[in-house]
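A short report with one table would do.

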Amino acid sequence: MKRDILVLFGPPGIGKGTVGKELSEKLGRPLISAGDLLRFEVKSGSSLGKKAAAFMAGGALVPDEIVFEALRGRIAQSDAAEGFLLDGFPRNLEQAGMFERVLESGDSYLVLNLTGSDEVLVERLSKRRICGSCGAIYHLANMPPRTEGVCDKCGGALVQRNDDRPDVIAHRLDVFRKATAPLVEHYRAAGKLRTVKADGSLGETMAAIAGVLQW
Ligand code: AMP
């Protein structure tokens, strides 16, 4: 089996989910989001979700084994057989090792590193709303829904994530700097890193991505 895997990398709020959905449609590959999978587990009340919930609410990383448990089954599904986009994993060096162990001979991957200033991240996170039913992402100013509080795609109610509140946002950015950002050097050294500024409009970011990825 030969899979093309694109890892979406960057701080919370940089737009991995939004860019990921665009790329997923363009490339015809599923977007697999660690955070979405975990939120689904929490919402469903599964034992995995129960283990993850408190870490997530506080903006801490969920233990590696729990995240991997949520991801493993999803990656093995048939729609991911030719490749997939990965959002929110790996997030530390241990997870980078787990990711490398998932790779099979013939697989290839790149890490798309999305960057932007802290001011932009905080502004995006604090004004982000998501659909409680389908997970679609909105921004109160830049990407508002057609009807206030209602998802354009499925009619579900829009909610603020409980980790998109100011004190938790600050902690998530700190966790990113300490645990996740060191992966940049890891992937740069491996020749896998493609870096793009992602603090402008979605159109500008997509154009910049087109410049560093060949499709
Ligand atoms: P996200 O949707 O990517 O912002 O993730 C939301 C939350 O889920 C994070 O703040 C973590 O608590 C948890 N999470 C998501 N992905 C991971 C991961 N790879 N490792 C540990 N925790 C994660």
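The report below covers the sheet, a helix packed on it, and the salt bridges.

This is a predicted model, in which local features need pLDDT of at least 70 and side-chain atom pairs count only at pLDDT 80 or more, while totals for chains, interfaces and linings use all residues. Residues are numbered from 1 along each chain as its sequence is written, and side-chain values use heavy atoms, with hydrogens and water left out.

**Sheet**

Helices (H or I, at least four residues) and strands (E, at least two) are DSSP runs, numbered from the N terminus. Two strands are taken as paired if DSSP finds at least two bridges between them. On this basis five strands make up an open sheet with parallel pairing, in the order 2-3-1-4-8. The edges are strand 2 (31–33) and strand 8 (193–197); each has a single partner strand, so one side of each lacks a neighbour in the sheet. On average, neighbouring strands of this sheet are turned by 25 degrees against each other, direction ignored. Axes here are lines fitted to C-alpha atoms, for helices over the stretch in contact, and angles run from 0 to 180 degrees between N-to-C directions.

Strand 1 (residues 4–9) and strand 4 (residues 108–115) run parallel and are joined by six bridges. Phe-9 has Asn-113 of strand 4 opposite. Helix 2 (residues 34–44) lies across strand 2 and strand 3 (83–87), at about 60 degrees to strand 2; contact means heavy atoms within 4.5 Å.

**Salt bridges**

A salt bridge is a side-chain nitrogen of Lys or Arg within 4 Å of a carboxyl oxygen of Asp or Glu. The count by this rule is 17. Three of these pairs are tabulated.

| Asp-163 | Arg-161 | 2.9 Å |

Relative accessible area is classed as buried under 20%, exposed over 50% and partly exposed in between (1.4 Å probe, protein chains only). Arg-161 is buried at 13%, and Asp-163 is buried at 9%.

Asp-174 and Arg-177 both belong to helix 7 (residues 166–180), three residues apart, about one turn of the helix. Asp-174 is partly exposed at 28%, as is Arg-177 at 42%. Glu-185 and Arg-188 are likewise three residues apart, about one turn, within helix 8 (residues 183–189). Glu-185 is partly exposed at 47%, and Arg-188 is partly exposed at 46%.

Salt bridges with shared partners link Arg-128, Arg-161, Asp-163, Asp-164 and Arg-172 into one network.
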